[in-house]
Amino acid sequence: MDFKTYLKESARTVSDVPDFDDEKTRMLLGAIGLCTESGEIMDVFKKALYHGRELDTVNLKEELGDLLWYLAILMRELN
């Protein structure tokens, strides 16, 4: 799947909240999500580097997918 297709397809899963038709609300969701997912990505590395765990690449891939989803929200709003 190319990124233009991803942007289109991922829009279907954003939200059914009634007030979510506001551009600023969608952009804020994207920004908050980027921060949250970035923290979760860092937590994967923290556990591997400082707590002696194996690098959880499965979880890392999931978090990167989530990060991409929130990035797509912002990119759609900014055309």
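Helices (H or I, at least four residues) and strands (E, at least two) are DSSP runs, numbered from the N terminus. With that settled, I looked up Thr25 and found it in helix α2.

**Ground rules**

I am working on a predicted model, where local features need pLDDT of at least 70 and side-chain atom pairs count only at pLDDT 80 or more, while totals for chains, interfaces and linings use all residues. Numbering starts from 1 along each chain as its sequence is written, and side-chain values use heavy atoms, with hydrogens and water left out.

I started with the helix pairs. Two packed helices are described by the angle between their axes and the distance between the axes. For the axes I use lines fitted to C-alpha atoms, for helices over the stretch in contact, with angles from 0 to 180 degrees between N-to-C directions.

How do the axes of α2 and α3 cross? Helix α2 covers residues 23–50 and helix α3 residues 57–77; their axes come within 8 Å and cross at roughly 160°. My cut-offs for the wording: angles under 35 degrees are roughly parallel, over 145 roughly antiparallel, 65 to 115 roughly perpendicular, and the rest oblique. So I put α2 and α3 down as roughly antiparallel to each other.

I then sorted the residues of the contact of α2 with α3: 14 are nonpolar, four polar and seven charged. In this sorting Ala, Val, Leu, Ile, Met, Phe, Trp, Tyr, Cys and Pro count as nonpolar, Asp, Glu, Lys and Arg as charged, and the others, Gly among them, as polar.

**Entry: α1 against α3**

Helix α1 is residues 3–10, and its axis and that of α3 come within 10 Å, crossing at roughly 85°. I therefore call α1 and α3 roughly perpendicular to each other. Which residues make the contact? From α1 I list Phe3, Tyr6, Leu7 and Ser10; from α3, Gly65, Leu68, Trp69, Ala72, Met75 and Arg76. Contact here means heavy atoms within 4.5 Å. The residues of this α1 with α3 contact divide into seven nonpolar, two polar and one charged.

**Entry: salt bridges**

How many salt bridges does a search of the whole structure find? I get four, taking a salt bridge as a side-chain nitrogen of Lys or Arg within 4 Å of a carboxyl oxygen of Asp or Glu. For exposure I use relative accessible area: buried is under 20%, exposed over 50%, partly exposed in between (1.4 Å probe, protein chains only).

- Arg26 and Glu77: their side chains meet in a salt bridge at 2.6 Å, N to O. This pair links distant parts of the chain, with Arg26 in helix α2 and Glu77 in helix α3, 51 residues apart.
- Glu9 and Arg12: I read 3.0 Å, N to O, for this salt bridge between side chains. Glu9 is partly exposed at 30%, and Arg12 is exposed at 66%.
- Asp43 and Lys47: the closest N and O atoms of this salt bridge are 3.2 Å apart. Both residues lie in helix α2, four residues apart, about one turn of the helix. Asp43 counts as partly exposed at 26%, and so does Lys47 at 31%.
- Asp43, Lys46 and Lys47 are linked in a network of salt bridges.

**Entry: Glu77**

I went back to Glu77 of helix α3. Is Glu77 buried or exposed? Glu77 is buried, with a relative accessible area of 17%. Leaving aside neighbours within four places in sequence, I find Glu77 in contact with Glu23, Arg26 and Met27.

**Entry: Asn79**

Asn79 lies in the segment after α3. I flagged Asn79 for its phi, near 55°, a positive value in a residue other than glycine. At 89% relative accessibility, Asn79 counts as exposed.

**Entry: two distances**

Back to Thr25, which counts as partly exposed at 33% relative accessibility. Thr25 and Lys47 are 22 residues apart in sequence and 33 Å apart in space, C-alpha to C-alpha.

Leu49 also lies in helix α2, and at 62% relative accessibility Leu49 counts as exposed. I looked up Leu49 against Ser15: they are 34 residues apart along the chain, and their C-alpha atoms are separated by 36 Å.
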